[in-house]
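Visitor: I have a model open on my screen and would like to learn how to read it. Could you walk me through it, feature by feature?

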Amino acid sequence: MKQIMAASCLLLLLLSSGGVIANPASVPSQLTQPSQTILAQSEPQTVQSSTGNSEKGRFAELLQQLTKAKLSKVVKVLEQLEATGDTLVRPLFQILLDGALYYQRDNLRLLAVDKQGDGRLLASDLLSGAALGSVPKKTIKKIRVNNRLRVYLRGALSRLALTDADVAVREAAVLSMLNKLSPANVETLETAATTEADEGVQVLLKLALAMNTLSESSLRNERLAAIAVMQGRLESSVRNQLQALVDNTGEGDLVVKTAAEKALKTIDGKVTAFGYLEQLFFGLSLGSVLLLAAIGLAITFGVMGVINMAHGEMIMIGAYATFVVQQLMPNFLEYSIWVAIPAAFLTAGLVGVLIERCVIRHLHGRPLETLLATFGISLILQQAVRTIFSPLNQTVVTPEWMSGSMEINAVLSVTYSRIYIFIFALIVFAALQLIIKKTSLGLNVRAVSQNRNMAKSMGIRTDRVDALTFGLGSGIAGIAGVALSQITNVGPNLGQAYIIDSFMVVVFGGVGNLLGTLFAGFSLGIANKFLEPATGAVLANIIVLVFIILFMQKKPKGLFPQKGRAAE
Amino acid sequence: MSNLSNTIQKYRLPVNTTSMFVIVLFAATLLASMANLLVPVDSALHVSTYTITLLGKYLCLAMLAMAVDVVWGYCGILSLGHGAFFALGGYGMGMYLMRQIGDRGVYANPELPDFMVFLDWGELPWYWLGMDNFGFAMLMALAVPGLLAFVFGWLAFRSKVTGVYLSIMTQALTYALMLAFFRNEMGFGGNNGLTDFKEILGFDLQADSTRVSLFMITAVMLAIGFALSQYIMNSRMGRVVLAIRDGEPRSRFLGYRSERYKVWLFVYSALLAAVAGALYVPQVGIINPGEFSPINSIEVVVWVAVGGRGTLYGAVIGALLVNYAKSRFSVVMPEGWIFALGALFVWVTLFLPKGIVGWVQDRFSSLAQAPAQSQADDDLEEARHDESIMINKELAQ
């Protein structure tokens with residue numbers, strides 16, 4: 001027991017230290033900020049105005065005018081409002097554009113009103129942001145907007161966004177304007193370009209202006225310069241404009257056209273390259289899933305030689321452990337995963353030890369019978385989960401810091417959960433490698449797997465080593481279940497989906513060789529994902545399976561067969 | 001494993017096994033058929049058509065179990081993919097039956113089966129051509145699984161893939177086929193498979209007489225399969241196969257090309273499975289990709305293990321018993337059945353390594369020939385020792 005404790009402690013230590021390195025909590029909060037700010041536009045703001053008192057008074061006065069002004073005069077008031085530069089102007093305009101700006105009839109207080117589905121009107125104060133609850137319809141009046149106002153508001157909003165203090169907001173504003181370069185927008189962009197300090201936004205502004213030049217200007221040099229700016233940009237609007245120019249038969253300037261064609265080719269080349277990069281990433285991601293699923297099996301099957309058909313169910317147990325932990329601590333979902341990992345390891349590991357003690361021990365040296373018995377166990381475990389929980393899938397919540405995706409550029413974005421699972425798989429692999437190579441348990445395991453009788457005569461308690469090894473392999477399968485619960489459905493059939501793939505990975509990599517498993521997992525994952533665009537997911541899967549079957553004929557002992565005396 | 005053959009050799013049943021098996025099978029079949037056709041419906045002795053169909057189904061599965069036993073019990077090749085050959089045979093028959101529907105389908109298209117109309121296919125894919133001819137369809141139902149078994153076996157046995165690796169590869173084979181047949185583009189009805197059959201060779205599939213005939217044909221085929229398998233096992237080839245099971249390197253050193261024997265045995269077994277599948281489909285009325293699922297194939301192995309591998313009638317008895325228990329249990333308590341099945345796997349492998357037949361034989365022999373027992377035990381001990389050495393070597397390979 002001491003050994004298994006030591007093993008699990010070591011593993012946990014490694015996991016948690018790895019977790020600190022990879023701890024992402026601070027990263028996404030920065031990256032999700034733009035989306036929060038954009039969201040906030042439609043919400044009443046509590047941000048206090050930073051301008052002076054007199055400015056504040058002027059702003060309040062203008063707001064009052066807004067309630068009284070005729071529809072035709074509203075634009076004037078809005079223009080003056082925009083000129084104040086108050087931080088509340090943007091949310092105000094957004095609310096007005098959404099048609100959600102009301103004022104109270106008796107005291108002319110401005111309200112942001114949210115119409116509920118059941119007809120209730122939930123109001124909040126525009127200036128303070130305080131929620132006022134449901135208000136009767138008769139006591140408030142809507143500030144109406146017409147099309148002319150809407151046009152003005154949209155323009156003003158983008159102008160304001162371009163001068164916002166937040167770089168990300170400015171960037172998003174320019175990007176959204178790339179698709180609709182009206183003369184008014186271009187004017188705004190030009191003014192913004194003169195004051196913009198951030199380099200990234202400046203580049204985007206130049207790009208937008210170049211796109212405008214290309215479509216509006218008639219001077220060859222200007223247009224060629226514009227194309228030079230656009231060359232190599234991945235934004236879809238850039239590509240569309242160039243494509244339209246190339247396809248346009250009315251285009252007279254052949255030099256410009258050739259330049260555009262060339263630029264288009266560069267862009268397409270880049271897009272294809274990033275497409276490959278994305279496939280590679282998907283492949284690595286699938287590979288890490290395969291690796292996680294197979295790595296426990298690499299111990300029980302690869303090192304011990306036990307055919308454990310219930311391996312998939314160990315993964316399932318890990319996933320359900322995650323589910324149960326989340327049910328037990330509903331207020332700490334963000335951190336539940338750090339509890340779930342040891343919980344899954346211990347649960348699956350204990351079940352594994354139990355199976356080894358009760359069944360597999362008695363079937364030593366009869367691999368085919370072991371296969372059948374463990375298959376029976378897998379049926380029992382599946383049905384037990386169906387009876388205890390339900391035959392339906394359970395929902396496992398993904399922590400906030402794992403959801404979302406990282407946008408590298410316009411055509412390439414990767415989801416965080418996949419990145420973390422990739423890192424996690426590598427950490428688990430490294431930890432396992434360490435246990436096998438550096439600990440006394442690992443030494444015993446290797447000794448027993450190489451020559452059982454000799455190990456026994458040297459005083460190693462082989463039956464205990466067997467149980468611990470099997471527990472370790474099962475526990476690692478449980479940890480894999482924690483990771484898989486984040487990306488697949490958690491149900492009674494979870495394990496079934498992985499069992500054949502796991503065996504393929506272990507056999508392909510070479511039985512008894514952990515590094516081979518790593519290599520096999522990633523190469524099969526990548527092969528699968530690169531086949532997929534041409535053949536579709538299912539056919540890719542079949543092709544890979546058939547390939548492995550054929551490969552096994554050529555090299556029955558896998559990619560990296562064991563050599564030397566250990567192989568005897 | 002050699003202890004098994006030893007026991008069989010020593011305590012052979014007094015009557016020839018084949019004739020005994022055939023007599024029992026035919027007697028039961030005739031009785032059941034007459035009880036269905038001749039006895040009036042309200043009589044207590046009447047056997048319903050539903051039961052007849054169920055019995056027919058059992059016999060098909062028994063034949064499949066026999067096919068697995070031929071390779072596993074006699075040659076030590078544990079195939080976890082025999083469901084694939086069974087299902088391929090079934091699809092062959094299913095395609096014929098599908099073409100017989102003609103314009104009586106939902107879409108009333110005389111040429112195309114319903115699912116193809118549904119998928120907007122213009123014409124029959126090439127591999128459906130000729131399947132409206134019974135003889136050709138049956139030829140295909142046998143040739144395709146046979147060819148698959150030959151190619152797979154030839155590749156696997158030639159490169160000396162044995163033991164667990166072979167088992168896992170057969171499992172991967174049936175899994176890959178399942179994935180493939182689930183695809184609509186394959187032209188085999190995708191998820192739903194082939195169903196809604198109307199008639200076979202002009203006989204209405206719903207009629208009692210057709211059902212009874214199918215049942216009897218199944219019994220005859222099972223008897224033929226049994227006799228043939230028994231003949232093969234008693235022939236020179238059977239002896240070599242047993243030798244390969246008990247010591248492949250030794251038999252190879254003695255000059256036998258073990259891979260050739262294994263390939264042909266594997267093909268024969270696949271053909272048996274395909275016949276079982278082809279007989280199964282008209283009686284059950286549906287064939288879908290679920291038949292390819294690895295679990296089905298493993299279940300067959302358990303029937304054989306329960307009955308007692310290495311004896312053909314043991315496989316048949318195991319299949320009949322487990323399937324009977326399955327139909328009874330899954331009605332009474334569907335959840336409990338899975339537990340029971342799982343427990344059966346474990347229990348049989350731990351406590352009944354020779355299956356029911358082996359257990360009964362042991363009992364019988366220990367009662368009848370108590371003095372001879374100690375000698376037999378010694379033999380067993382020795383055999384077990386040999387066996388464990390063999391298996392250790394196998395593992396190390």
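Visitor: Let me begin with one side chain: which residues does V301(B) touch, leaving out those up to four places away in sequence?

Guide: Bear in mind that this is a predicted model. In it, V301(B) touches V68(B), W72(B), L78(B) and L80(B), and also L372(A) from the other chain.

Visitor: How many residues are in the largest nonpolar core, and which have the most contacts inside it?

Guide: That core has 208 residues. V301(B) is among those with the most contacts inside it, together with M63(B), L64(B), A65(B), M66(B) and A276(B). Helix α3 of chain B, residues 49-75, supplies the largest share, 18 residues. Apart from this core lies another, of 53 residues, including L88(A), I95(A), L111(A) and L160(A).

Visitor: What does chain B look like as a whole, in helices and strands?

Guide: Count 16 helices and four strands in chain B. Of its 397 residues, 44% are buried. Now look at the contacts in chain B with a separation of 6 or more: 78% of them join residues 24 or more positions apart.

Visitor: Now a helix. Which residues of α11 in chain A are buried?

Guide: The general idea first: an α-helix has 3.6 residues a turn, so residues three or four places apart point the same way. In α11 (residues 220-230) of chain A, the buried residues are R223(A), A226(A), I227(A) and M230(A). They fall within an arc of 100° when you look down the axis of α11(A), so they line one face of the helix.

Visitor: What do those buried residues pack against, and what sits on the face turned away?

Guide: The buried residues of α11(A) pack against α10 (199-216), α12 (236-247) and α13 (254-303) of chain A. The face turned away carries the exposed residues N221(A) and A228(A). Follow the chain just past the end of α11(A) and you reach G232(A), which takes a positive phi of about 85°.

Visitor: Which residues other than glycine have a positive phi?

Guide: Two examples are in chain B. A108(B) has a positive phi of about 55°, and L201(B) has one near 50°. A108(B) lies in the loop between α4 (82-101) and α5 (114-118) of chain B, while L201(B) lies in the loop between β2 (199-200) and β3 (203-204) of that chain.

Visitor: Last one: into which domains is chain A divided?

Guide: Chain A is divided into domain 1 (2-22 + 281-499), domain 2 (46-149) and domain 3 (166-252). The C-alpha centres of domain 1 and domain 3 of chain A lie 52 Å apart.

Key:
Residues numbered from 1 in each chain as written. Chains lettered and ligands numbered in written order. Predicted model: local features only at pLDDT ≥ 70, side-chain atom pairs only at ≥ 80, totals over all residues. Buried ≥ 20, exposed ≤ 12 C-beta atoms within 10 Å, placed from the backbone. Contact = placed C-beta atoms within 7 Å. Core = buried A, V, L, I, M, F, W, Y, C linked by C-beta atoms within 7 Å. Arc of directions from axis to C-beta. Domains from an automatic or database assignment.
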